[in-house]
Amino acid sequence: MIHGLLLDSERPTLTASLSPRQSYPPTWRTVGVVRDLHTRVGKEPAPRRVSSLQVLANYGIVGDRHASPTSPRQILLAGEIAYRRFRLPEAALRENLLVDFSMDLLRSGDLLRIGSDVILWVTFQCEPCSLLERRCPGTIKSIGPERGMLARVLRGGVVLDGDTVSLTSSPIPAMSNDWQTRILKVARAVPPKHYIGYRQLAELAGVANAYCRAFPRVLARLPAEIGGRVLSASAVTSEHLWDGADLFDTSALFMKPEMWESAERE
């Protein structure tokens, strides 16, 4: 077992097995720049444009509604190409970082360096939803990966408008773009004699709370012993509650000072 990221042969998590072919230190290549920054605080109806974002490792953007240590969707990136192709109004995709390159360049498990300090772990594609369709009719069936890519923060700092963005692969296993697959992976990762609630499962898998009503049907694919570790809100108690924090622990892979020092030299 690699601490936090468990191999499929041991116990399934959100991730697949590690690739033995990847090596470190990484080679970074410049792919573009940050064109715009947005954050969304509390119940604000729309994102607000800002000139900088303070981000914290394993948490997200300070003050943003999606900041959470147990979420794989702390930051949303989108490309200018989507706005041009679909003639979208400003911030229609609700992105935090608007960049000048296509989301087709990104794969789950990749790392992005923003400026000289911030490092993001690309997790999975943001799924087009009915809210986007209501804002921008006709996009849900055709926008594909240009909807945006989600990410977690591996190293914090300040992101500025105009920052250079660099890309590298990593030994972090890929996460599925399919929300049902992620739900099943999280459920399988709950230790015996521990439990999580539907809303916690939704956060750990990176899906909207509205999907909770579909969880019983999805979890029915699992053995009863495993599926029974996910409980409705009325049945959840604090006793033996699993926090799921180790799902996103990458420290054993490369979170060592010398690795990041090597990463600074392109």
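## Arg35 and Glu80

Arg35 is partly exposed, with 42% relative accessible area. The model it belongs to is predicted. The acidic residue Glu80 is partly exposed too, at a relative accessible area of 22%. Buried residues fall under 20% and exposed ones over 50%, so both values belong to the class in between.

Side chains of opposite charge can pair when their charged atoms come close. Between Glu80 and Arg35 there is a salt bridge, and the closest N and O atoms are 3.7 Å apart.

Arg84 counts as exposed, with a relative accessibility of 58%.

Shared partners join these salt bridges into one network, made up of Arg35, Glu80, Arg84 and Asp100.

## Arg49 and Glu90

Another salt bridge is formed by Arg49 and Glu90, with 3.0 Å between the closest N and O atoms. This pair links distant parts of the chain, 41 residues apart. Arg49 is in strand E2, residues 48-50, and Glu90 is in the loop between H1 and strand E6, residues 97-99.

Arg49 has a relative accessibility of 53% and counts as exposed. Glu90 is exposed as well, its relative accessible area being 52%. The cut-off for exposed is over 50%, so Arg49 and Glu90 are both placed in that class.

## The chain as a whole

How many salt bridges are there? The count comes to seven. A pair is counted when a side-chain nitrogen of Lys or Arg is within 4 Å of a carboxyl oxygen of Asp or Glu.

The chain has seven helices and 13 strands. It consists of 266 residues, and 48% of them count as buried. Among contacts between residues at least 6 apart in sequence, 72% join residues at least 24 apart. The accessible surface of the chain is about 12600 Å², and carbon and sulfur atoms account for 51% of that surface.

Methods: Residues numbered from 1 in each chain as written. Predicted model: local features only at pLDDT ≥ 70, side-chain atom pairs only at ≥ 80, totals over all residues. Heavy atoms only, no water. Buried < 20%, exposed > 50% of the residue type's maximum accessible area, 1.4 Å probe, protein only. Helix = DSSP H or I, 4+ residues; strand = E, 2+ residues; numbered from the N terminus. Contact = heavy atoms within 4.5 Å. Areas by Shrake-Rupley, 256 points an atom, 1.4 Å probe, with all protein chains shown as cover.
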